[in-house]
Amino acid sequence: MVESILLIGITVSVFVGFNIGGSSTGIAWGPAVGAGLIGKATAATIMTGFVFLGGWTVGRNVMETLSDGIITIEISLTAGVAVLFFIGLGILVANVFGVPVPTSMTTVGAIAGLGLATDTLNYETIAWILSWWIFTPIFAFLIGAIIGRYIYAGLSRRVQLENSERPLLVLDDSGQFLTPAFGPNTTWREIAGTIVIVILGCYMAFSAGASNVPNAAAPLVSGGALAAEPAIVVATVAIGLGGFTIARRTMESVGSDISDIPLLGALIIMLTAASITTALSYIGIPISLVLSSVGAIVGLGWGRATRPIAAREALSRETTDTEIVMGALTAEDAVDDPVPIGEDEPEEILEADELFKPEAVIRYVTMWIVGPSMSTILAYVFFVSVPGAV
């Protein structure tokens, strides 16, 4: 009987990891894919390897919080299977809509539903986690907004990351053996920029593993049904499968829905999101790349879109000569700006409706609420109705 329940638990864990892969791969590699820097299959392959490294190392701290910190009792095998199911259901709903849901929020919500049903919820730990959930996207937004508004224009002129339309590398068959060579329009600057962003993508994948592998593994590890090491391997394989399949739509969503992201913007977003998520995972906070990534994307787009006007006017929308309307803030507005904000944007700057898309942000935030709320409510109702499952 126990073996059958464990098999079901592993199956549900794979289901959860599969959906996590669909969400997290889009967050880790969406900016690079949206910038045309890397293919979706290549992104999923690299993602899988670094997810394993993140889950095997830093992820153990998050697993400890999920297993022992949120509720005051161990999660039994039966309860763990139920919790995993509600986690996967909440994530699946978001993936169907092509929106990356914060998986850690959904996981904490399902475990909290168990705690509420059994009166074992650790409110102090929940309050501590919630405070970080609120702080993270705001902090990421502020970093992106400051860089987009005051630093990005000058930085883009100095760094000048390039992305040629032709292939980055080709195979040269002029000799006896096929050898890699630069594409027709490839430059050393483009090669350097590509290497930097790929490294940052690996960093984000590591961060995703640290924060998300525990989501698929902790409910089975808590009660001793499965050791941490095999649970991490199972979760990694499942996340990899999700990355190769359902993550394709999510990568397109992150790469283009919120902001039209150039290579330099992708680099800034990836560095910001990975650093915040890895740091919080290290101290055991269940956090998701979604919160910091989307916060940084929105902040960067908002900062770039509002460069032509003063900061006070951008926040209050009390403008004089320049109207803050999405689509109206073009490079020409910046030339006549009476209050310079560093250097002017290039003439080919995208219009504001491409730099920042409020309707996409609303859709994301809505799904962030729906996914975790669904897992919490369903878990609570289930464990109240079926107390024997605890």
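Which residue forms a salt bridge with R60? Select E229: E229 and R60 form the bridge, and their closest N and O atoms are 3.2 Å apart. A salt bridge here is a side-chain nitrogen of Lys or Arg within 4 Å of a carboxyl oxygen of Asp or Glu.

Before going on, note that this is a predicted model, in which local features need pLDDT of at least 70, side-chain atom pairs count only at pLDDT 80 or more, and totals for chains, interfaces and linings use all residues. Residues are numbered from 1 along each chain as its sequence is written, and side-chain values use heavy atoms, with hydrogens and water left out.

**The whole chain**

Show the protein chain as a cartoon; its secondary structure comes to 15 helices and two strands. Helices (H or I, at least four residues) and strands (E, at least two) are DSSP runs, numbered from the N terminus. The chain has 390 residues, and 53% of them count as buried. Buried means under 20% relative accessible area, exposed means over 50%, and partly exposed lies in between (1.4 Å probe, protein chains only).

**The salt bridge**

Return to E229 and R60. The structure holds one salt bridge. The pair links distant parts of the chain: E229 lies in helix 8 (residues 228-244) and R60 in helix 3 (residues 59-69), 169 residues apart. E229 is partly exposed at 34% relative accessible area, and R60 is partly exposed at 27%. Side chains of opposite charge can pair when their charged atoms come close.

The charged end of R60 sits over the ring of W56, 4.8 Å from its centre. For this, NZ of Lys or CZ of Arg must be within 6 Å of the ring centre and within 35 degrees of the ring normal.

**The aromatic pairs**

The whole structure has eight aromatic pairs. Rings of Phe, Tyr and Trp (its six-membered ring) pair if their centres lie within 6.5 Å; planes under 30 degrees apart count as stacked, over 60 as edge-to-face and the rest as tilted.

Select W128 and W132, an edge-to-face pair with 5.7 Å centre to centre and 90° between the planes. Both lie in helix 6 (residues 123-159), four residues apart, about one turn of the helix. W128 is partly exposed, at 48% relative accessibility.

Next, select F141 and W302, a tilted pair with 5.9 Å centre to centre and 50° between the planes. F141 is in helix 6 and W302 in helix 11 (residues 289-305), 161 residues apart. F141 is partly exposed at 25% relative accessibility, whereas W302 is buried at 17%.

Last, select F85, F86, F382 and F383, which form one aromatic cluster.
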